[in-house]
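Please take a moment to look over the sequence and the structure shown below before reading on. The report that follows begins with the chain and then turns to two of its residues.

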Amino acid sequence: MQQAQGLIMVFTGNGKGKTTAALGMAVRARGQGLRVLVLQFIKGGQSYGELEALGALGIEIRPLGLGFVRNATPEQMEEHRAAARAALDEVRREMLSGRWDMLVLDEINYAVHFGLLEEQDVLALLAAKPPALHLVLTGRYARPAVVERADLVSEIHEVKHPFARGVPAQKGVEF
Ligand code: ATP
Ligand code: MG
């Protein structure tokens, strides 16, 4: 008999394709009847095209509204941290709710890198994962401790990107 085992999967690295890999997996999982929730840690992580398409497939996708932190004032940073704590509570609640078979935490690595979330809190989340649940984490700069804890880690390395030669974002590729 096949044993179902929930995996911790990480898509990281400086090349394009981390979020799309995670969403591809979400689509695959949905095709197998799994209940999938995508939580976005950085606003604007998903285009409206994706929201529509995933929604039609029955994949729920929800922004956590952390905002962005580059050049934030100390007060703004505090607001961001409060939002991050609320976001983590929501993730924990959903993770433990029994309503999902796969949870995608898009850009969670990036949120840690920018100091929006504590690495410790993410590790605590991983430790509390229900055994059957699949957890997918994306974003550049995955912490070594997260990589250590994961079952699957793929690092997408940039070889070329059209932005480097000034080609603007293309519909269906970037949004
Ligand atoms: P995608 O959502 O297309 O799978 P990603 O999740 O791997 O991309 P992120 O780090 O989340 O990439 O960055 C999102 C945005 O940054 C996208 O517009 C993407 O094209 C762009 N980007 C990703 N990698 C590179 C790169 N190596 N050079 C320039 N822009 C990049
Ligand atoms: Mg991404």
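## Terms and overall fold

Helices, written H or I and at least four residues in length, and strands, written E and at least two, are DSSP runs that are numbered from the N terminus. The model described here is a predicted one, and in it the secondary structure of the chain amounts to 6 helices and 6 strands. Followed along the sequence, these elements come in the pattern β-α-β-α-β-α-β-α-α-β-α-β. The chain has a radius of gyration of 16 Å, close to the 16 Å that the globule rule gives for 175 residues, so the chain is as compact as a globular protein of that length.

Taken along the principal axes, the box that the C-alpha atoms of the chain fill is roughly 50 × 35 × 30 Å. When contacts in the chain between residues at least 6 apart in sequence are considered, 77% of them join residues at least 24 apart.

## Surface and charge

Of the 175 residues in the chain, 40% count as buried. The chain has an accessible surface of about 9900 Å², and carbon and sulfur atoms account for 52% of that surface. As for charge, the chain carries 20 positive and 20 negative side chains, with the centres of the two sets lying 5 Å apart.

## Threonine 12

Threonine 12 belongs to strand E1, which covers residues 8-12. Is this threonine 12 buried or exposed? Its relative accessible area is 6%, and because buried means under 20%, threonine 12 counts as buried.

A polar atom of the threonine 12 side chain lies 2.8 Å from the backbone oxygen of glycine 139. Once neighbours within four places in sequence are left aside, the residues in contact with threonine 12 include Lys18 and Asn109, as well as Gly139, Arg140, Tyr141 and Ala142, and also Val153, Ser154, Glu155 and Ile156.

## Leucine 57

Leucine 57 has its place in helix H2, which covers residues 48-57. With a relative accessible area of 44%, leucine 57 is partly exposed, because that class lies between the limit of under 20% for buried and the limit of over 50% for exposed.

Which residues does leucine 57 touch, when those up to four places away in sequence are not counted? They are Val27 and Arg30. Leucine 57 can also be compared in position with glycine 31, for the two are 26 residues apart in sequence, while in space they are 8.5 Å apart, C-alpha to C-alpha.

Methods
Residues are numbered from 1 along each chain as its sequence is written. Chains are lettered from A and ligands numbered from 1 in the order in which they are written. This is a predicted model: local features need pLDDT of at least 70, side-chain atom pairs count only at pLDDT 80 or more; totals for chains, interfaces and linings use all residues. Side-chain values use heavy atoms; hydrogens and water are left out. The radius of gyration is taken over C-alpha atoms; the globule rule is 2.2 Å times the number of residues to the power 0.38. Buried means under 20% relative accessible area, exposed over 50%, partly exposed in between (1.4 Å probe, protein chains only). Contact means heavy atoms within 4.5 Å. Accessible areas come from the Shrake-Rupley method with a 1.4 Å probe; for residues, only the protein chains shown count as cover. Lys and Arg count as positive and Asp and Glu as negative; His and the chain ends are not counted. The place of a charge is taken as NZ of Lys, CZ of Arg, CG of Asp or CD of Glu. A polar contact is a pair of N or O atoms within 3.5 Å; within protein, one must be able to donate a hydrogen and the other to accept it, and residues adjacent in sequence count only if both atoms are side-chain atoms.
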